[in-house]
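Here is a friendly walk through one protein model, written for someone who likes to see the cut-offs. Please keep the viewer open as you read.

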Amino acid sequence: MSIAADSKPADRQKRFLVEGAFLLGLFCFCIYALLIRYTLLYQDGQWNWNAFVTGNETSHFVLVQALAEGHTFVLDAFLPPVAVDLSTYGGHYYSNKPPGFALLVVPGYLVFRYVLLPLWNARPVPDFLPLFAVALASCAVILTYLLALELEVRRKNATLGALVAGLATIQIVYAVSFMNNIASTTFLLLALWAAFRYRHTRRPFFLYLAAFSSGYSVLINFSMSVVLLPLAGYLFWILSQERHRRHFYRKLVLFVVSGLVPLLFLGFYNYRCFGNPFVTAYSHYQAPDYVQFDSPAEAYSSGNLWVGLWGFLFGASRGLFVYTPVLILAWPGLYLSLREKRVRLEWIVVAATIAVNIILFAQYRYWFGGHFIGPRHILPILPLVTLLMARCLEALPPRGRDLVSLLALPSVAVHIMLVFLQHDIRTLYLSWQQDRNDYLGHLYTEVLPHFTLTAVDVWGVGWFRVIKVALFVIALVLAWKLGVWWSRES
């Protein structure tokens, strides 16, 4: 009788955990999907290359095409008549992006290309590609919430932190773009959550998941090999504590193999494309005339660290605390997190990961990210900053937490505006400094005013509009459900 009685609270806690994570992820999925713009991707047997505003998105898509339709990494037969970010080697063209994000998209593209497209015949096909980033961004919101719980943040504060990460930062902007930044975010969070979960449960599955997610993060974005260094140290420290336990060496081998699988594929990709498993596409990047790019090492060493640091944190064009002012609470949250006892090491890993990512790209000559909105190079660690903010909320009275919720709403509005402006050519010109004497446009006085003139259509026509109306209704219902769940948590 007592055992059954003891199990009921645990079951209830688990149900609240699953319910909260599911509601958060589904709610953000609906919000992201609502913001996908209506533009045609395919019509009358032709691709509409104007659906891609920059060569970054186009480069990812062309690689998906080459993999799915040509079973090749070579882009020669798939090059569109628009600008594409490319690398050249041996007389052939390749994407200058690592293949991890494209590999995630290929299965869905195969279904579209060979199953759905023949059924639609000559009907115009709206741009469906952002759905892949939408799904990943929704998972990132769930993982932010789960990470906060692993760090012993209360569920209400964890929820607020996840919502700020998902709706009040540039995560919402890149959730509806066809770029790899959101994928990097999701796999970094997955690696951290799995690693922390392993320490608390000692279940080998989480250890192997952390290793694989770390390796796949590098397959998505080369810079993650540096950003993940604090987590790597954390994992090897945990394993060193277990070296005298039974089956340790088997666990160690499986851990290493799990992390090596994606890295071995990356080496294979580099070898097939560039003749050396340790040479990446960026070493053969075909930079446009307005980009001064000699080599990856030169680009990362020739910037100004202090300019990048100020720009990432407080700059009027890319400043994290300019885009989302409530994240200033991460500073006292950092102090409070380091005073923890049970999870102090995990908080140190979080803080170190944030610091490494910011410092790495602050030194980069193109720290501002080119023709793009916000501090996209540090997007993967923005949810970690919201975790520190959530830790600060733990020390505030209920009214203080409610005030923070209200103060976050303007940032939500700003980032919804930026979702529209990420496809506005005039706005994107303000985000590139090379042709403007090292000047970047001011977020509030120059970028956001373009919103009143934008012509981006998110409602569309026909079934596209029907789906958007349905998503709007579902989002309202989920908002009510979240409110009920929130009140129960009190």
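## Ground rules

This is a predicted model, in which local features need pLDDT of at least 70 and side-chain atom pairs count only at pLDDT 80 or more, while totals for chains, interfaces and linings use all residues. Residues are numbered from 1 along each chain as its sequence is written, and side-chain values use heavy atoms, with hydrogens and water left out.

## Overall fold

The protein contains 21 helices and 5 strands. These are DSSP runs numbered from the N terminus, with helices (H or I) of at least four residues and strands (E) of at least two. Along the principal axes, the C-alpha trace spans about 70 × 50 × 50 Å. The radius of gyration is 23 Å, in agreement with the value near 23 Å for a compact globule of 490 residues. That radius is taken over C-alpha atoms, and the globule rule is 2.2 Å times the number of residues to the power 0.38.

Of the 490 residues, 55% are buried; buried means under 20% relative accessible area, exposed over 50%, and partly exposed in between (1.4 Å probe, protein chains only). The accessible surface is about 21,700 Å², with 65% of this belonging to carbon and sulfur atoms. Areas come from the Shrake-Rupley method with a 1.4 Å probe, and for residues only the protein chains shown count as cover. Among contacts (heavy atoms within 4.5 Å) with a separation of 6 or more, 76% join residues 24 or more positions apart.

## Strands and sheets

An open sheet of 3 strands runs in the order E2-E1-E5, with antiparallel pairing. Strand E2 (46-47) and strand E5 (125-126) stand at the edges with a single partner strand each, so one side of each has no neighbour in the sheet. Strands count as paired if DSSP finds at least two bridges between them. Strand E1 (residues 40-43) pairs with E5 over 2 bridges, and Leu40 has Pro126 in E5 as its bridge partner.

Strands E3 and E4 (residues 92-95) run antiparallel and are joined by 4 bridges. The hairpin has 2 residues between the strands, and Gly90 takes a positive phi near 60°.

## Helix H10

Helix H10 (residues 229-240) has 12 residues and reaches 16 Å from its first C-alpha to its last, close to the expected 16 Å. The expected span is 1.5 Å times one less than the number of residues. Its buried residues are Pro230, Leu231, Tyr234, Leu235, Ile238 and Leu239. Their cover includes helix H7 (181-201), helix H8 (204-220) and helix H11 (248-274).

## Aromatic rings

The structure holds 38 aromatic pairs. One of them, Phe361 and Tyr364, is edge-to-face, at 6.0 Å centre to centre and 80° between the planes. Rings of Phe, Tyr and Trp (its six-membered ring) pair if their centres lie within 6.5 Å; planes under 30 degrees apart are stacked, over 60 edge-to-face, and the rest tilted. Phe361 is buried at 3% relative accessible area, and Tyr364 is buried at 13%.

One aromatic cluster includes Tyr42, Trp47, Trp49, Phe61 and Phe128.

## Val82

Val82 lies in the loop between helix H2 (55-69) and strand E3 (86-89). Val82 is partly exposed, with a relative accessible area of 31%. Not counting residues up to four places away in sequence, Val82 touches Trp49 and Thr58.
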